[in-house]
Amino acid sequence: MLTLVYIMTGVLLALTQGLGLSFISTNLQQIAGPMDLTQTEATWLMAAYLFPNASLTLLLFKVRAQYGLRNFAEAAIAVYVLVCVGHLWVGDFNSNLAMRFVAGAAAAPISSLAFLYILEPIPPQKKLNVGLCIALTALALPTPVTGLISPSLLDLGDYHALYLVEMGVAMISLALVYLLPLNSVPRAKVISGLDIVSYLFLAVGLGSFAVALTVGRIYWWRNADWLAWLIITGIVSSLIFAVIELNRKTHLVDIRWVTSREILHFTGALLVFRVALSEQSSGAVAFLRNLGMLNEQIAGLYWVMIIGAVISGALCALIMKPGREPMIHAVALLLLAVGAYMDSQSTILTRPEQMYASQLLVSFASGLFLPPALAIGMGAALKRGPSYILSFLIVFLVTQKVGGYLGSALYGTFVTWREQFHSVRLVSDLASTDPQVAQRLRQLGGAYARVLTDPTQQTTQGAALLARQVQQQAYALAYNDSFLLTTYLALVALACLLIHVAWRHRVRFTLFRQAAEAA
């Protein structure tokens, strides 16, 4: 019973840390108006949240060792509760921006706490399979859960209701953390002044990338000079962090190990898969929103995502054993390729029901891929010693968090580019002298006959409506191109995986062939 209570506490903590960002990202269009913000300003709320959130988790292990996990956990969640209360009182854009920044900082350690609470009661021999699968499944739940509960909350009290729920969940988490202590390591002074300096450069680096990738597509990459300076700041800060760590005896992160061939291969695999998984949030869901659908219409799709994540997590816990990782990853990549290809056949008449099967496959692929990958990385870090856990955490966070921002930015940019391409192509095929086009313009203009008596104005409104329909069709084709791109990316990754496995087992294959020839 106590095991279940600890696991449920971890799941609640995972929801707590995820709701803060998901409430904004999932309801961006609905909350911008009531908050007196433009869509661009509302997007800055996400960027402010992500700047500290991208890196602050990394301090957890050293803070835990020096000050104790219980004190740290209670302080982090208490600050988060206060921030949620503050949101109910602030109204202007600058205040909201500051509050989201503090919320991102306070929420960052909670994801690690969710991991620790789920892993705490699980026997050591099962932590790297059952424990990791449950933890990663829990961390995948906030976005679909937010999509399900947001419509009712917005009906009850606009965006204030979102903050109230966020505060309530955080307060319950605070009570559970107080009642259910975790095993603490012996305290020791492990944080040095150079740790803080080094971390600040890393925080600026990762935060700059997070902000640039979040708002870059809105301002467009080549139209805002400050975006280039922000990316340059991220690169320079990251390089300074690497130089500091390379010349230290006691590393915050072992750069040489992180840049070794084994870890670079691991990082590349995680990054590619994380970018490909953006097909779900930045692809399928964004496509349906572009067709004019809100959370109420997409609720069934969110349920499919939850079911896929839970079932795949349970299955992965049952089958995951050392040596099976390549097979599981191959199946995950194949499922992702099939799901993305099914989505690439969408039209402007596609509705969420037509995407249930494909998105179930994508959710299933996500649940199968991450636990074995994380187990491989954790195993490689533990072979080096407990101090390498933090170095591995850097790799995992960079691939998952920055990879998520990168995937969203790439998808959005690619869709915008392809929409312009398809718009030009479609418009070039439309000529007012074409009888079918002329008839369509009359039909669309006729819809305004009751309110507009001037035939010229009717024609003008009909042309504007036709232009919107053409743009909508162009966006549908652009999203199909992005889905197809994900299919190709997954298949290329699958081919690379199979080649890598074949190369690693080339001696065994040779011996097997020789034995077969001798027989």
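Which helix gives the largest share of the lining of the second largest cavity? The views below take up this point and others in what is a predicted model.

**View 1. The lining of the second largest cavity.** Helix H8 (142–179) is the answer here, as the largest share of this lining, three residues, comes from H8. Helix H1 (2–26) also supplies at least two residues. Look for Phe23, Ile24, Ile31, Met35, Tyr159, Leu162 and Tyr163 around the space, which has a volume of about 40 Å³. By class, the lining has seven nonpolar, no polar and no charged residues. The structure holds two cavities of 30 Å³ or more.

**View 2. The second largest pocket and its helices.** This pocket holds about 1,300 Å³ of space. It is lined by 38 residues, and the closest to its centre are His265, His329, Ile376, His500 and Arg504. At least two lining residues each come from H7 (127–139), H12 (261–290), H14 (325–343), H15 (356–384) and H18 (455–504). H12 gives the most, with 10 residues. Sorted by class, the lining has 22 nonpolar, 10 polar and six charged residues.

**View 3. Helix H7 packed against helix H13.** The axes of H7 and H13 (residues 295–319) come within 8 Å and cross at roughly 170°. The two helices are therefore roughly antiparallel to each other, since angles over 145 degrees count as such. On the H7 side, the contact is made by Asn129, Val130, Cys133 and Thr137; H13 brings Ala309, Val310, Gly313, Cys316 and Ala317. These contact residues divide into six nonpolar, three polar and no charged.

Definitions and conventions: Residues are numbered from 1 along each chain as its sequence is written. This is a predicted model: local features need pLDDT of at least 70, side-chain atom pairs count only at pLDDT 80 or more; totals for chains, interfaces and linings use all residues. Side-chain values use heavy atoms; hydrogens and water are left out. On a 1 Å grid over the protein atoms alone, a cavity is a set of points where a 1.4 Å probe fits but cannot get out, and a pocket is an open set with protein on both sides within 12 Å along at least five of seven lines; lining residues have an atom within 4 Å of a point. Grid points are joined across faces, edges and corners, and a volume is the space filled by probe spheres set on the points. Helices (H or I, at least four residues) and strands (E, at least two) are DSSP runs, numbered from the N terminus. Ala, Val, Leu, Ile, Met, Phe, Trp, Tyr, Cys and Pro count as nonpolar, Asp, Glu, Lys and Arg as charged, and the others, Gly among them, as polar. Axes are lines fitted to C-alpha atoms, for helices over the stretch in contact, and angles run from 0 to 180 degrees between N-to-C directions. Angles under 35 degrees count as roughly parallel, over 145 as roughly antiparallel, 65 to 115 as roughly perpendicular and the rest as oblique. Contact means heavy atoms within 4.5 Å.
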